[in-house]
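Subject: Structure handover

Hello,

Here is the structure I promised to pass on. Please open it first, then read the notes below.

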Amino acid sequence: MDGLKLTAAAFFRSKGKSVVTEKEFIMGISMDLRWMRPADTEELLSLLLAEGHLEKDGEYLRPAFDIHGTDVPLMFRPPDDLVKGKMGKHRPAAPPADDLLSELMAKVEPLGMKRKEFIVSVNAIQKRINVDIEIAALLMLREKGVDISGYIDASYELIRSR
C-alpha cells in the first residue's frame with residue numbers, strides 16, 4: 001500500500017476520528033505522535049490532498065478512503081524519508097540543546113527580563129505541564145509576545161533526537 005495512504009489511515013485511526021482540523025492534523029502528527037517535523041507535516045498534508053487521499057471541506061479534513069479497511073501494522077511509524085522522498089527536502093541537523101536554549105534566553109533580554117527570572121519562569125512552566133525545557137522556554141517567549149515560529153522546527157528536532 002502507498003506509504004502516504006497508510007500514514008493517513010494510521011493517524012486517523014490513532015485519533016479515533018474521521019474528521020479533524022488542519023491544525024489538529026499537523027499538531028497530531030508532529031507533536032502527539034512525533035512522526036515528523038511540523039514543516040514536513042505540512043508537506044505531507046499537501047501531498048495527501050494532492051494525491052486525493054484526503055478531502056478538505058472548509059477547515060476540516062477527512063480521509064477519502066475507508067481507513068478501517070486499511071491494514072495498519074501495530075506500532076506503525078512512517079519512514080523518515082516519506083515526505084523527503086516525495087518532495088526532495090532534507091532535514092537539518094538538530095542544534096545542540098545548549099545553543100538553542102541560549103538563543104531563546106537571548107530573546108528575553110530586549111524585553112527587560114533577566115536571565116535568572118526567565119529560567120525560574122521556564123522551570124515553573126516545565127514542572128506545571130511536564131514538557132521539555134525548550135518547549136517551556138518557547139511558551140514563555142510566546143506569552144511575552146515574541147515570534148517563536150523560527151524556533152519550532154529546531155526545538156522539535158532537538159527533542160526528537162533525544
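Start with Trp35 and Phe76: both are buried (under 20% relative accessible area, with a 1.4 Å probe and protein chains only; over 50% is exposed, in between partly exposed). Keep in mind that this is a predicted model, where local features need pLDDT of at least 70, side-chain atom pairs count only at pLDDT 80 or more, and totals for chains, interfaces and linings use all residues. Residues are numbered from 1 along each chain as its sequence is written, and side-chain values use heavy atoms, without hydrogens and water.

Aromatic rings

The structure holds three aromatic pairs (rings of Phe, Tyr and Trp, the last by its six-membered ring, with centres within 6.5 Å; planes under 30 degrees apart are stacked, over 60 edge-to-face, the rest tilted). In one of them, Phe11 and Phe25 have ring centres 5.0 Å apart and planes at 75 degrees, so they meet edge-to-face. Phe11 belongs to helix H1 (residues 3–15) and Phe25 to helix H2, so the pair ties together parts 14 residues apart in sequence. Helices (H or I, at least four residues) and strands (E, at least two) are DSSP runs, numbered from the N terminus. Phe11 and Phe25 are both buried. The ring centres of Trp35 and Phe76 are 5.7 Å apart and the planes stand at 85 degrees, so this pair is edge-to-face. Trp35 sits in the loop between H2 and H3, and Phe76 in the loop between strand S3 (60–63) and helix H4 (82–87), 41 residues apart. Phe11, Phe12 and Phe25 form one aromatic cluster.

Pockets

A pocket is an open set of points on a 1 Å grid over the protein atoms alone, where a 1.4 Å probe fits, with protein on both sides within 12 Å along at least five of seven lines; lining residues have an atom within 4 Å of a point. Helices H2 (22–32), H3 (38–50), H7 (133–143) and H8 (152–160) each supply at least two lining residues.

The second largest pocket has a volume of about 190 Å³. Its lining includes Met31, Arg34, Tyr156 and Arg160. H8 gives the most to this lining, with four residues.

Helix H7

The buried residues of H7 are Glu134, Ala136, Ala137, Leu138, Met140 and Leu141. Gly145 follows H7, and its phi is positive, near 90 degrees.

Best wishes

How values were computed: Grid points are joined across faces, edges and corners, and a volume is the space filled by probe spheres set on the points.
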